[in-house]
Amino acid sequence: MTPESQEFLATFVSESYYYWASVFMLLIHVGFLAYEGGASRAKNVLATMVKNLLTLSIVGLTFFFFGWWVYNAFPLFPLQGGIVGPWTDPNSEGVVGEVLGLVQASYPWSPALGPNVADNLTGVFWFAFSLFAMTTASILSGAVIERIKVGAYAILAVVLGSFTWVVAAAWGWNPYGWFLTQFGYHDFGCSAVLHGVAGFFALGVLINLGPRIGKFDSTTGKPRAILPHNLPLTMVGLMLIFVGFYAFLAACVIFVPGQSVEITIYGTPMTLASIGVNTTLALCSGIVGAYISSKADPFYTISGGLAGIISVGAGLDLYSPAIVILIAFIGAYTMPFVGNAVEKAGIDDAVGAFAVHGYCGVIGAMAVGVMATGYPQGDGIPLTGFIGQLVGTLVCTIILGFIPGYGVSFVLKKLGMLRVSPEEEIGGLDLTEFGLEGYPEYPILAEGNGVRQTPAIPVSPQPGMPTL
Amino acid sequence: MSSPFSTLEEFNSAIDGPTEGAIYTFANSPVINNIALIVAAGIFIWFIASTYRTPAEPSRADKSMNNLSSFIVVGLLSLVAINHRPPEQTSTTVAERKGQDTLQHNSVKTNALTKYLRSSSGPSPMGLLGMVGLGFPTFSRLRKQRKSRSLRRYRTRR
C-alpha cells in the first residue's frame with residue numbers, strides 16, 4: 001500500500017465514521033416522531049407528526065444558511081475576541097487566524113461544503129452537526145404539542161436549533177470556546193450544551209403558551225391526565241431514540257487523520273468502547289431509577305432511560321462504570337418528581353421535556369463538577385471543577401435557554417401568533433390544518449377533558465372517499 | 001480530586017503511567033469505585049424488590065360478613081313473605097273480586113309448601129344468624145373507632 005493510499009484510507013475511515021454515525025442519528029427523529037405522535041391525542045396525531053417532520057427541513061436549511069457559521073464564528077466572543085466573519089482581517093494570526101480558517105469553510109457559499117475532492121471532512125462534520133441541531137429543536141416540539149401554531153413552532157425551532165444551542169456549542173463544545181479555555185468546562189455528551197438549553201428553552205415557551213384546554217380543572221386548578229392515544233407507539237419511539245443516542249454519542253468522539261488516539265472535542269484522550277459501556281449502564285440504571293420512583297409508571301419508566309443517559313452525558317468519557325450507575329440512577333429517580341412539580345405549578349409539559357432534558361441536563365453537567373474533578377484539559381486551561389461547570393451550566397440554561405425561549409414566545413404571544421384558537425384546539429389540529437383525520441377508518445371517541453365536546457370544525461369529506 | 005492525573009502529560013501518557021491506561025474517575029483509588037459498585041448492586045436488589053409492589057392492586061375480597069349476612073336476611077325475608085297472610089278485605093267491586101279469586105287460586109298451589117313451613121314454624125334460627133351477621137362487623141367497627149378515638153385523645157393530651 002502506498003503512503004498516499006494509507007493517507008486516503010485514514011481519511012475514508014474518518015469520513016465513513018461520521019457519515020454512518022449521522023445516518024443512525026436520524027433514528028432519534030424517527031423516535032421523536034413516534035414518541036410525540038403516540039403521546040398526542042388521536043385528533044392531533046397528524047399535526048404532531050408533520051410538525052416533527054418539518055423540524056428536519058426548518059433546522060436543516062437554516063443550519064446550512066447560518067447555523068454552521070455561528071458554531072465556528074462565536075467561540076471567542078465575548079471574552080477572548082469578537083465574532084469572526086467576512087469582516088475579520090484575512091491576515092489574522094494566532095487563535096483568530098485558526099478560527100478564521102474554520103469560519104471560511106462554514107459559509108453557505110464555501111467550496112468546502114460542496115463536492116470537493118480536496119476536503120472530505122468538512123461536509124461530513126456539517127452533516128453530524130445539523131443532526132445535533134435538529135435533535136435540539138425536536139426536544140421543544142414534544143413539549144408544545146396540540147396547541148402551538150406551526151408558524152410559531154417554526155420560528156422557535158430556528159431560534160433554538162440554529163442559533164441559541166449553536167452558540168452554547170461554540171462556547172462549551174468547541175476547542176476554542178471560552179467555557180473551556182477560561183473555566184475548564186467539560187461536557188462531552190452535551191448535557192447542558194444541548195439538553196439543558198433545549199429543556200429550559202421549552203420551559204420559557206410553555207409559560208407563555210399555556211396549558212392545553214382541559215389540562216387543569218377550571219375550578220380547583222388541579223392537573224388532569226391527558227392520556228397518550230398510543231402509549232405503545234410512544235415506547236417504541238423512545239427505544240428508537242435510545243438507538244440514535246448511541247450514534248449521537250459516538251459522533252461526539254473526535255477521530256481525524258493524523259491522530260494516534262481517539263479524543264474528545266476538548267483534546268483529552270478517550271475510547272469509543274467506554275461510550276458503549278457507560279451509555280448502556282446509564283440507560284439500564286436510568287430505567288430502574290424512574291421505575292422505582294414513579295411506581296412503575298410506563299411513561300416515566302421509559303423516559304428514565306433517556307434521563308439516565310443525559311445525567312451522565314457530560315462525563316461519559318471519564319466516569320468509571322460504577323459511578324455511571326449511581327449518577328444515572330439519581331438523575332432518573334428524581335426526574336419524575338420534577339415532572340410532577342412542573343405540572344403542579346400549572347405548566348403543561350406534554351412529554352416531560354423539561355424534567356428529562358432540562359433538569360437532567362443540569363444534573364449531567366454539574367455531576368462532572370462533583371464526580372470528575374481535577375482532570376487536566378490543556379496547558380493554561382483550568383482543571384475540571386465545580387465552579388467551571390456551574391458557570392457553563394448557568395449560561396447554557398438561563399442565558400441561552402430560558403430567556404430566549406421566554407422572550408421570543410412572549411413576542412409571538414403579544415402578536416397573536418403563538419397559539420391556535422380554542423375552537424381549533426377542541427376540534428383537533430388534524431382537521432384544521434390538513435382537513436384529514438389520523439385514523440379516518442375509525443370513529444374517534446369524544447375526548448371531553450373537562451370541556452363539552454361540540455363539533456367546532458365540520459368534518460369535511462376525505463379526499464379519495466366517495467361522498468354520499 | 002477524582003482525576004488520577006494532575007497534568008495533561010500524565011493524562012495523555014496514561015498507558016505508561018501507574019494506572020496502566022485506565023483514565024476513569026478514581027482509577028488511582030479503587031476503593032471508591034468498589035464502594036460505588038456495592039451501592040449499585042444494592043440499588044439493583046431494591047429494584048427487584050420494588051417490582052413486587054404492584055401499584056394497581058386488585059380489589060381485595062370483602063372479608064366482612066356484610067354480604068353473607070345480607071344473603072341470609074334476604075333469604076329469611078323471602079321465607080317470611082311466604083308465611084305472611086294478607087288481612088282479609090271485603091271487596092266491593094267486580095274487578096277486585098276477580099283479583100281476589102285469582103290470588104286464592106294461586107294460593108292453592110303453594111298450599112302444600114305453606115303447610116310444611118307452618119309445621120316447622122317457630123323463631124327461625126337463620127333469622128337470628130342474619131341479624132348477628134349484620135350487627136357483628138358494625139359492632140367491631142364501632143369498637144375500633146372508640147379505640148382510635150381514645151388513642152387520639154391520649155396522644156393530644158400528651
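Q: Let's start from a definition: a salt bridge is a side-chain nitrogen of Lys or Arg within 4 Å of a carboxyl oxygen of Asp or Glu. Which side chain does A:Arg224 meet in a salt bridge?

A: That of A:Asp217, at 3.6 Å from N to O. This is a predicted model, in which local features need pLDDT of at least 70 and side-chain atom pairs count only at pLDDT 80 or more, while totals for chains, interfaces and linings use all residues. Residues are numbered from 1 along each chain as its sequence is written, chains are lettered from A and ligands numbered from 1 in the order in which they are written, and side-chain values use heavy atoms, with hydrogens and water left out.

Q: Is A:Arg224 buried, partly exposed or exposed?

A: Partly exposed, at 29% relative accessibility; A:Asp217 is partly exposed too, at 22%. Buried means under 20% relative accessible area, exposed over 50%, and partly exposed in between (1.4 Å probe, protein chains only).

Q: How many salt bridges does the structure hold over all chains?

A: Seven. One of them joins A:Glu146 and A:Arg41 at 3.3 Å, N to O. A:Glu146 lies in the loop between helix 4 and helix 5 of chain A and A:Arg41 in the loop between helix 1 and helix 2, so the pair ties together parts 105 residues apart in sequence. Helices here are DSSP runs (H or I, at least four residues; strands are E, at least two), numbered from the N terminus.

Q: And which residue forms a salt bridge with A:Arg212?

A: A:Asp348, with the closest N and O atoms 2.8 Å apart. A:Arg212 sits in the loop between helix 7 and helix 8 of chain A, and A:Asp348 in the loop between helix 11 and helix 12, so this pair ties together parts 136 residues apart. Both A:Arg212 and A:Asp348 are buried.

Q: Switching to rings: how many aromatic pairs are there over all chains?

A: The count comes to 41. Rings of Phe, Tyr and Trp (its six-membered ring) pair if their centres lie within 6.5 Å; planes under 30 degrees apart are stacked, over 60 edge-to-face, and the rest tilted. A:Tyr19 and A:Trp20 have ring centres 5.0 Å apart and planes at 90°, so they are edge-to-face. A:Phe129 and A:Trp165, with centres 6.4 Å apart and planes at 20°, are a stacked pair. That pair links helix 4 and helix 5 of chain A, the two residues being 36 residues apart.

Q: Buried or exposed: what about A:Trp165?

A: Buried, at 1% relative accessibility, and A:Phe129 is buried at 8%. Both belong to one aromatic cluster whose members also include A:Trp68, A:Tyr71 and A:Phe248.

Q: Which ring does the charged end of A:Lys51 sit over?

A: The ring of A:Tyr153, 4.7 Å from its centre. The rule asks for NZ of Lys or CZ of Arg within 6 Å of the ring centre and within 35 degrees of the ring normal.
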